[in-house]
Each structure stands twice: as structure tokens, then as C-alpha cells.
Amino acid sequence: MSSTDRDVDHALAYPEPLASPLWHRHGAKARPLTPAQQRRNRELLDIAQRTTRPRSPRPTETLTEAN
């Protein structure tokens, strides 16, 4: 056996399978957002980043006390 036969990774010797047809989009392209929609999205993002989310209340009893 020659050195080239031993050094070849046989897993790489086969071609990759074709990409799934589900990965390709067919049909109409999405409409670009209007400047008003872009501004509204920026405002909502700004509000979401500034406000804190309410935390769920934790029970005051531990699991051992509840049983």
C-alpha cells in the first residue's frame, strides 16, 4: 500500500449530497419596510431595551416546608 492510499480520508472521497429544496425560497420577495415602519420598529426596540421585564413571584415557602 502506498503512502497516498493510507493518508486519504475516505469519508471525504464522496461528493456532498445536494441541498434540500426546502432551503431555497421560491416566489415573491418580501416587501421592504416603509420609513414609518422602520421608525416604529426602532421605537419599539428602544422601549423594549430600556424597560425591565417583570419577574415571576417566587414562593415564600421552600419545597420542604410545603410538604
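Is Arg50 buried or exposed, and what is the relative accessible area of Arg50? Arg50 is exposed, at a relative accessible area of 65%. The legends below refer to a predicted model.

**View 1. Overall fold of the protein chain, with 3 helices and 0 strands.** Read from the N terminus, the elements follow the order α-α-α. The accessible surface of the chain amounts to about 7700 Å², of which carbon and sulfur atoms supply 56%. Of the 67 residues, 0% count as buried.

**View 2. Confidence along the protein chain, with a mean pLDDT of 76.** A pLDDT of at least 70 is reached by 64% of the residues. Confidence is lowest in helix α1, residues 3-7, where the mean is 56. Helix α2 has the highest confidence, with a mean of 94.

**View 3. The salt bridge between Asp46 and Arg50.** The closest N and O atoms of the pair are 2.9 Å apart. Both residues belong to helix α2, which spans residues 35-50. Their separation of 4 residues corresponds to about one turn of the helix. Side chains of opposite charge can pair when their charged atoms come close. The count of salt bridges in the model is 1.

**View 4. Solvent exposure of the paired side chains, Asp46 and Arg50.** Asp46 has a relative accessibility of 33% and counts as partly exposed, because values between 20% and 50% fall in that class. Arg50, at 65%, is exposed, because its relative accessible area lies over the 50% cut-off.

Terms used
Residues numbered from 1 in each chain as written. Predicted model: local features only at pLDDT ≥ 70, side-chain atom pairs only at ≥ 80, totals over all residues. Heavy atoms only, no water. Helix = DSSP H or I, 4+ residues; strand = E, 2+ residues; numbered from the N terminus. Buried < 20%, exposed > 50% of the residue type's maximum accessible area, 1.4 Å probe, protein only. Areas by Shrake-Rupley, 256 points an atom, 1.4 Å probe, with all protein chains shown as cover. Salt bridge = Lys/Arg side-chain N within 4 Å of Asp/Glu carboxyl O. pLDDT = per-residue confidence, 0-100.
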